Amino acid sequence: MKKRNVPFGYQYQNGVITAHPQEVTVLNRIFSEYQNGLSLLEIASRLNDENIEYQPGVTGWNKSRIMRLIEDERYTGKNGFPAIIDGKTHQAMVEMKANKNTQSATNRSAEVFHIDVPVICPVCGSEMNRRHDSRLNKCQQRWVCSNAECRTVIHKADSDLLDDITVLLNRLVVNPELVQILAEPGHEPSVQVLKAENEIARMLDTLDYDKNALRKKMMECVSLKYADINSAPYIAHRLKAVLLDAEPLSAFSLPLFKRTVQAIHLEKDGTVNIRLANGQMVGKDDENATDSNHSAESSAENPGENQHS
């Protein structure tokens with residue numbers, strides 16, 4: 001691959017280094033996206049997906065290439081190159097990179113790093129990604145929508161997120177009756193099951209049926225019937241049993257969370273809702289949900305009151 005003889009964003013015109021308008025547009029985009037929280041890999045992936053060239057006929061964007069552009073001081077006007085960004089913007093990006101690379105202050109054993117369920121965007125329904133910026137004083141964590149056409153940002157501190165989830169789980173622990181177990185309607189066999197049963201009946205009506213073929217068809221029918229079973233009531237009963245067995249929470253419980261929660265739904269104002277393993281949504285303002293503190297007190301006064309299913 002032919003190497004560039006000037007940095008990306010510049011060109012030679014009549015022997016003089018000048019700014020390259022199209023490449024400057026790409027550079028400003030890279031700098032803007034990086035300051036808005038996108039990772040080096042996310043920026044590189046977007047440029048590759050859009051077939052934006054690094055040089056004529058070549059894309060090949062990667063984390064290292066983006067990092068070099070962000071670190072390059074020549075874009076501030078040093079060493080005789082025309083300035084493309086100001087020194088403050090460059091310094092801010094360098095500091096951001098340094099903060100992102102400082103892992104010693106990040107406790108990767110914290111519960112928030114072990115939450116492996118999706119966090120759902122309230123605007124488009126896509127999955128959101130956690131971002132951390134230690135330069136911020138008020139709230140250093142935020143959740144950014146992964147959908148490039150949405151990019152909704154919700155500021156939510158890790159501690160507040162875990163506390164809100166704990167409140168919702170506690171509400172279910174002290175009152176497992178809130179788990180909805182839908183009555184299973186009269187089950188009708190599927191078309192595939194009916195077809196298999198008819199084929200078996202026809203085979204049995206013949207005097208010289210093939211026993212091996214019949215055995216194979218019967219096994220196929222059993223498999224279809226098993227796949228046709230509605231598992232929703234079983235999941236709900238199992239969920240309820242887990243909650244009945246749990247003690248009221250004084251802090252976030254990762255094991256209980258993993259056994260009960262399927263997804264986290266954030267609202268624009270940071271309100272947390274959880275989707276349980278049975279697909280049921282539980283939120284702060286649910287009409288059927290009791291106040292967790294009141295329920296905990298009632299449970300303590302009447303320990304046997306909620307121990308039934």
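Is C221 buried or exposed, and what is its relative accessibility? At 5% relative accessibility, C221 counts as buried. Keep that residue in mind as you go through these close-up views of a predicted model.

**View 1. F8 and W61 meet edge-to-face.**
A pair of aromatic rings is described by the distance of the centres and the angle of the planes. The structure has seven aromatic pairs. In this one, the ring centres of F8 and W61 are 5.4 Å apart and the planes stand at 90°, so the pair is edge-to-face. F8 belongs to the segment before β1 (10–13), while W61 is in the loop between α2 (40–49) and α3 (63–71), so the pair ties together parts that are 53 residues apart in sequence. F8 counts as buried at 1% relative accessibility, and W61 counts as buried at 4%.

**View 2. Y10 and Y75 form a stacked pair.**
Here the planes of Y10 and Y75 are at 15° and the ring centres lie 5.7 Å apart, so the pair is stacked. Y10 sits in strand β1 and Y75 in the loop between α3 and α4 (87–101), so this pair ties together parts that are 65 residues apart in sequence. Both Y10 and Y75 are buried. They also belong to one aromatic cluster, together with F31 and F81.

**View 3. Arginine charges sit over the rings of Y54 and F81.**
Look for the charged end of R65, placed over the ring of Y54 at 3.7 Å from its centre. Then find F81 again, a member of the cluster with Y10, F31 and Y75. Over the ring of F81 sits the charged end of R74, 5.4 Å from the ring centre.

**View 4. H20 lies in the loop between β2 and α1.**
That loop joins our picture between β2 (16–19) and α1 (21–35). H20 has a relative accessible area of 19% and is buried, because buried means under 20%.

**View 5. C124 is in no disulfide.**
A disulfide is a covalent bond between the sulfur atoms of two cysteines. How many disulfides does a search of the whole structure find? The search finds zero. For C124, the nearest cysteine sulfur is that of C145, 3.4 Å away; a disulfide needs the sulfur atoms within 2.5 Å. C124 is partly exposed, with a relative accessible area of 33%, whereas C221, from the opening question, is buried at 5%.

Technical notes
Residues are numbered from 1 along each chain as its sequence is written. This is a predicted model: local features need pLDDT of at least 70, side-chain atom pairs count only at pLDDT 80 or more; totals for chains, interfaces and linings use all residues. Side-chain values use heavy atoms; hydrogens and water are left out. Rings of Phe, Tyr and Trp (its six-membered ring) pair if their centres lie within 6.5 Å; planes under 30 degrees apart count as stacked, over 60 as edge-to-face and the rest as tilted. Helices (H or I, at least four residues) and strands (E, at least two) are DSSP runs, numbered from the N terminus. Buried means under 20% relative accessible area, exposed over 50%, partly exposed in between (1.4 Å probe, protein chains only). A charge sits over a ring if NZ of Lys or CZ of Arg is within 6 Å of the ring centre and within 35 degrees of the ring normal.
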